Amino acid sequence: ADTMLRESHQLLEKIFASLQDALFILDDTATILRCNPAASQIFGYPQNEILGRKTAFLHVDATALAEFQRQLGSAIETRGVLDQFEFRMKRKNGTIFPTEHSVLPLTDASGTLIGWVSVVRDITARKRAEEVLFASNQKLHLLTGLTRHDVTNKLAAIHLLDDLAIAESDPLKRGEYLRKISQATEETEAIIGFTKEYENIGMAS
């Protein structure tokens with residue numbers, strides 16, 4: 001039994017250490033009792049500068065901490081857990097960065113709060129990707145508007161040239177009108193093709 005317990009404990013320690021998200025074990029006063037290596041990597045503090053401290057130093061400022069506590073209290077009261085909550089935090093070097101929090105209360109057999117488990121994910125890369133995608137979509141919408149205007153103008157020109165060609169009795173002038181119609185048609189097809197190609201690039205990004 002002792003061997004199984006020891007092996008189970010070692011497995012939990014390996015899982016704890018291998019997590020890519022910051023994991024904090026807090027007491028009921030929000031003092032940090034334990035944290036994994038990812039917590040140091042994400043926030044920039046060595047473990048000895050994290051343990052034994054309240055979590056306030058990880059927040060942007062006192063106002064941000066108060067807002068986080070308000071959101072946490074509301075979530076625990078209504079759902080029993082704070083899950084996938086996005087909030088800005090601060091690294092040791094002063095950098096403000098976006099995170100996603102999941103916080104679970106720990107209670108004893110009588111239901112009394114004895115601590116918290118807090119998981120913090122650095123979502124900086126995800127936010128940057130979302131910003132790039134948003135910018136790409138904005139450009140796509142702009143391009144679509146411009147090309148729609150261009151296509152409308154080309155179609156109007158084609159219709160006008162077609163009317164002129166029908167009314168023209170001179171074969172040479174009629175031929176010139178037909179050449180211009182063909183050219184405008186090719187340009188319109190090229191604009192539509194470019195728009196579709198750019199849309200595929202935007203979707204791929």
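Here are a few friendly notes on the structure above.

1. A word on the basis of these notes: this is a predicted model, in which local features need pLDDT of at least 70 and side-chain atom pairs count only at pLDDT 80 or more, while totals for chains, interfaces and linings use all residues. Residues are numbered from 1 along each chain as its sequence is written, and side-chain values use heavy atoms, with hydrogens and water left out.

2. The chain has five helices and five strands, taken as DSSP runs numbered from the N terminus (helices: H or I, at least four residues; strands: E, at least two). Their order along the sequence is α-β-β-α-α-β-β-β-α-α.

3. Of the 205 residues, 30% count as buried (under 20% relative accessible area; exposed is over 50%, partly exposed in between; 1.4 Å probe, protein chains only).

4. Among contacts (heavy atoms within 4.5 Å) with a separation of 6 or more, 42% come from residues 24 or more positions apart.

5. Alanine 30 has a positive phi of about 70 degrees and sits in the loop between strand S1 (22-27) and strand S2 (32-35). Glutamine 84 has a positive phi of about 50 degrees, but lies in strand S3 (residues 82-90). Glutamine 84 counts as exposed because its relative accessibility is 54%.
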